[in-house]
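Biologist: Let's go through this model together. I will ask, you answer.

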Amino acid sequence: AVTLEATSVCVLPFVRLAHLSQEVPGLQNQILRLMSKDITVSSNRATDHTAEEKLAGFLLSMSARLGGNDAVALMMPRRDIARYLRLATETISRLLAKFQKDNLIEVKRRKVRLLDVETLKEVCGGFELESD
């Protein structure tokens, strides 16, 4: 594993987690909810969506993780974003340039500012990486 920024890790053996999930009310449901969410996100990335939909959904998802902030710091290099979205690195670079030309975003190195969230939502066409 490679961290993208300062990170803390807590190792919890599965056997201990299973035991805790029986002792702590609601913990098992929360674990299952998070696992289900992760499976949904992974399967959504594997479905037939255009590259534009995938990138727009990714940017909106990053914004949502930051509480709806319109400034997103892309901690991952374009190569890793491409792998995550199952696209070519060149496609990510080309689409970031296109989105910027269309005044949907403003890109400065790894910082992206969402200028037109409503249009990005239209572009993503229902492709979501995060859902609650």
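**Surface, fold and helix packing**

Modeller: The accessible surface of the protein chain is about 8,900 Å², and carbon and sulfur atoms hold 54% of it. Keep in mind that this is a predicted model.

Biologist: What percentage of the residues of the protein chain count as buried?

Modeller: The cut-off is under 20% relative accessible area. The protein chain has 132 residues. The share that counts as buried is 28%.

Biologist: In what order do the elements of the protein chain run from the N terminus on?

Modeller: The secondary structure comes to 6 helices and 3 strands. From the N terminus on, the order is α-α-α-β-α-α-β-β-α.

Biologist: Among contacts between residues at least 6 apart in sequence, what percentage join residues at least 24 apart?

Modeller: A contact here means heavy atoms within 4.5 Å. Among contacts in the protein chain between residues at least 6 apart, the share joining residues at least 24 apart is 60%.

Biologist: Which element gives the most residues to the largest nonpolar core?

Modeller: That core has 23 residues. Leu-55, Phe-58, Leu-59, Phe-99, Ile-105, Leu-114 and Leu-120 have the most contacts inside it. At least two core residues each come from helix 3, helix 4 (78-85), helix 5, strand 2 (105-108), strand 3 (111-114) and helix 6 (117-124). With 7 residues, the top contributor is helix 3.

Biologist: How are helix 3 and helix 5 oriented, roughly parallel or roughly perpendicular?

Modeller: Helix 3 spans residues 51-65 and helix 5 spans residues 89-101; their axes lie 10 Å apart. The angle is about 75°. Angles of 65 to 115 degrees count as roughly perpendicular. Therefore helix 3 is, relative to helix 5, roughly perpendicular.

Biologist: How many nonpolar residues are in the contact of helix 3 with helix 5?

Modeller: Helix 3 brings Ala-51, Glu-52, Leu-55, Ala-56 and Leu-59. Helix 5 brings Thr-91, Ile-92, Leu-95, Leu-96 and Phe-99. By class, 1 is polar and 1 is charged, and the nonpolar count is 8.

Biologist: And helix 4 against helix 5: roughly parallel or roughly perpendicular?

Modeller: Their axes are 8 Å apart. The packing angle is about 105°. So helix 4 stands to helix 5 as roughly perpendicular.

Biologist: How many charged residues does the contact of helix 4 with helix 5 have?

Modeller: From helix 4 come Arg-78, Arg-79, Ile-81, Ala-82 and Leu-85. They meet Thr-89, Ile-92, Ser-93 and Leu-96 of helix 5. The contact has 5 nonpolar and 2 polar residues, and the charged count is 2.

Technical notes
Residues numbered from 1 in each chain as written. Predicted model: local features only at pLDDT ≥ 70, side-chain atom pairs only at ≥ 80, totals over all residues. Heavy atoms only, no water. Axes fitted to C-alpha atoms, helices over the stretch in contact; angles between N-to-C directions. Helix = DSSP H or I, 4+ residues; strand = E, 2+ residues; numbered from the N terminus. Parallel < 35°, antiparallel > 145°, perpendicular 65-115°, else oblique. Nonpolar A, V, L, I, M, F, W, Y, C, P; charged D, E, K, R; others polar. Buried < 20%, exposed > 50% of the residue type's maximum accessible area, 1.4 Å probe, protein only. Areas by Shrake-Rupley, 256 points an atom, 1.4 Å probe, with all protein chains shown as cover. Core = buried A, V, L, I, M, F, W, Y, C linked by side-chain atoms within 4.5 Å.
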